[in-house]
Amino acid sequence: MTESTQQERVLIFDTTLRDGEQSPGATMTHEEKLEIAQMLDEMGVDIIEAGFPIASEGDFEAVKEIAKQAENATICGLARANFKDIDRCWEAVQHARRPRIHTFIGTSPLHREIPGLSKDQMAELIHETVSHARNLCEDVQWSPMDATRTEWDYLRRVVEIAIKAGATTINIPDTVGYTAPRESAELIRRLIAEVPGAEDVIFATHCHNDLGMATANALAAVEGGARQIECTINGLGERAGNTALEEVVMALKVRNDIMPYTTNIDTTKIMNISRRVAQVSGFPVQYNKAIVGKNAFAHESGIHQDGMLKNKETFEIMRPEHVGLKETNLVLGKHSGRAALRAKLKDLGYELSDNQLKDVFVRFKALADRKKEVYDDDLIALMHDSATEAHHDRIQLNHLRVVCGTSGPQTAEMSLEIDGEDHSVTATGDGPVDATFNAVKALVPHDARLQLYQVHAVTEGTDAQATVSVRMEENGKIVTGQSADTDTVVASAKAYIQALNKLFVRREKGKPEDAAHSA
Ligand code: KIV
Ligand code: ZN
C-alpha cells in the first residue's frame, strides 16, 4: 500500500455553479454551466453543486442537464426547507448516476427571526423536510445556515435532529465569514464528539471569505474532523467569495506532511478551469491570487531570479506544472503553422477538432499580422473570444472607426448588424470609448446601466492585446461581456455588444430573482 492510500480522503464539493454563480454579475449561460460542470467532473471533483433548481427554469434545466452528463461526480441541487423546493430539486438531480439533495435553513437567532419561527417550530420543520428529502433520495445533505453564529445548544440539537431524520452529510456553513481557524476546528470537533449519530455521517465545512480566512478555516475544520470541503474555483462567491478550491487542494498536497489527507483532484487541470471560470463569470483573477494568479509563479526580483536559476526550490514550494502551467518559451508569430498552433493550444489545455482549429487559425493569423509575437496569454484571450462569440447573437459589430484629437469631442462611426440588418450611426463622446458606447446606444436603445468597465493588458508592449470587461444591470438583471483585441476601443465595443446580447437572451427567458438570492 502506498503512503497516500493509507491517508484519509477529503471530499471536494464544488459550488462554483451555485454559490459562485449567485454572486452578483457572475451569471453564466446554460452552455457555460455545462462546460464548467464537465471540467469539474473531469478534474475529479467528488460532488458538484450544480444550482438551485427552484430559483428559475434556467437553473432547473442546467441542473438537470448536468445531472445527465456527469460521468463520475455526485450531482447536488440546493433546496430551502420546504417540500416544493425539495421536490423540484429531486426532479432535476434524479437523472444523475449519483444524485444528492442539499436542503438548508438559517438557524442563528437573526435567521430564525425572518420566518418568525420559534426554536421548536424550526426543529420540527427540519425533521419534516430532511425526512421528506430522504424519502426521495438516499444522499441528503443538510446545512444550518449561519451555523457559526448559532447558539451551541441549539446547533447541537438541530444537527442531531437532521441526522435522525436521515441526513447523510451535515454541512456547517460559516455563511458570513465570521469564524476563525481555531474556532472552526473546535466547532466540528465538538459536534462530532457530542452529537449522537455523528459517527455515521460526513461533516462538511463551507466557509466564506469576508475576513480573508476561508481557506484557513476550511483546513482547520478538516483538522477538527470535517471530511468534505465546500469550495469554488477562484474562490468565486457572494461578497468576498468562498473557500478557493485550488487553495485547499494545493495546501493539502504541498503540506501533506502536516495535513495527511488526500483528495481526488487532478491538480494539473487547475489553471485551465481557473481561466475558464474567470472568462465565463467575468470576474478576473487578481494578479497576486494564490495558485492561479498571473504572478503566482513569476519571479521578478534579481535575487529571486538568481536563486531560481540555481535551484528552483529556493523560492518555489510547488512546481508550476503541478497546477497545469506549462513552462515553454515557444512564442508564435505570423510564420507559425497550424501544427505549431495546435501543439501550443494543447499545451494550454485546449483540444480542438480540425474544424475548430481551422477557425482559430484564421483568427490567430489575423492577430499575428498585427502583433509580432503571440504569447500564451494572447492565445488564451483568442480562445475565449472564439468561445464566446455566438453566431446566433442578435447584434454583431461590422465596422468601427474612431477619430481622436487633442481637443474633443471624439467621434465614432459605427455599423452594426442587428437581427440580420445593417444599421449605421456617427456619435460623439468624451473620449473614444464614450463615443463608441454612445454609438452602440444610439443603434440599440436600452436602459441598462454600465456598472463596470475594466481594461487589462494581456501581455507587455505597446502592441499588446487589451482584454475589456463590462458589467451591466437592467431591472436587477446583471450581465457581463468580455473581449480582447490589440485595439482597446474595438475590444470595448465588442465587450459592450456581448453584454447587450446576453441581456436580450435574459430578457427573453425572464428569470425570477427571489429564490436565487436568498441562500
Ligand atoms: O453560505 C451558506 O450558508 C450557504 C448555504 C446555502 C450552504 O451557501
Ligand atoms: Zn455559501
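# Sheets, a barrel and a buried lysine

Strands β12 and β13 form a hairpin with two residues between them, and Asp 419 in the turn has a positive phi of about 50°. The model is predicted: local features need pLDDT of at least 70, side-chain atom pairs count only at pLDDT 80 or more, and totals for chains, interfaces and linings use all residues. Residues are numbered from 1 along each chain as its sequence is written, chains are lettered from A and ligands numbered from 1 in the order in which they are written, and side-chain values use heavy atoms, with hydrogens and water left out. Helices (H or I, at least four residues) and strands (E, at least two) are DSSP runs, numbered from the N terminus.

- Strands β12 and β13 (residues 421-429) pair in the antiparallel sense over nine bridges; two strands pair if DSSP finds at least two bridges between them.
- Gln 410 stands opposite Gly 429 in β13.
- Strand β11 (residues 395-403) runs antiparallel to β12 (residues 410-418), and eight bridges join them.
- Val 402 has Ala 412 in β12 as its bridge partner.
- β11 and β12 also form a hairpin, with six residues between them.

**Sheet β14-β15-β16**

- An open sheet is formed by three strands in the order β14-β15-β16, with antiparallel pairing.
- β14 (449-457) and β16 (477-485) are the edge strands, each pairing on one side only.
- Neighbouring strands of this sheet are turned by 15° against each other on average, direction ignored.
- Eight antiparallel bridges connect β14 with β15 (residues 466-474).
- His 456 stands opposite Thr 467 in β15.

**Barrel and the helices on it**

- Eight strands close into a barrel with parallel pairing, in the order β2-β3-β4-β5-β6-β7-β8-β9.
- From one strand to the next, the twist averages 25°.
- β8 (residues 202-207) and β9 (residues 228-231) pair in the parallel sense over three bridges.
- The bridge partner of Thr 205 in β9 is Ile 229.
- Helix α9 packs on the sheet, touching β7 (169-174) and β8, and its direction makes about 155° with that of β8.
- Helix α5 (residues 83-93) lies across β4 (74-80) and β5 (99-106), running at about 160° to β4.
- For these angles, axes are lines fitted to C-alpha atoms, for helices over the stretch in contact, and angles run from 0 to 180 degrees between N-to-C directions.

**Helix pair α9 and α10**

- The axes of α9 (residues 181-194) and α10 (residues 214-224) come within 7 Å and cross at roughly 30°.
- The crossing of α9 and α10 is right-handed, meaning that the near helix is turned clockwise from the far one by less than a right angle.
- On α9, the contact (heavy atoms within 4.5 Å) is made by Pro 181, Ser 184, Ala 185, Ile 188, Arg 189 and Ile 192.
- On α10, the contact residues are Ala 216, Asn 217, Ala 220, Ala 221, Glu 223 and Gly 224.

**Lys 289**

- Lys 289 is found in the loop between α12 (270-281) and α13 (302-310).
- Lys 289 counts as buried because its relative accessibility is 10%; buried means under 20% relative accessible area, exposed over 50%, partly exposed in between (1.4 Å probe, protein chains only).
- The side chains of Lys 289 and Glu 247 are joined by a polar contact of 2.5 Å.
- A polar contact is a pair of N or O atoms within 3.5 Å; within protein, one must be able to donate a hydrogen and the other to accept it, and residues adjacent in sequence count only if both atoms are side-chain atoms.
- Neighbours within four places in sequence left aside, Lys 289 is in contact with Asn 234, Ala 244, Glu 246, Glu 247 and Ala 296.
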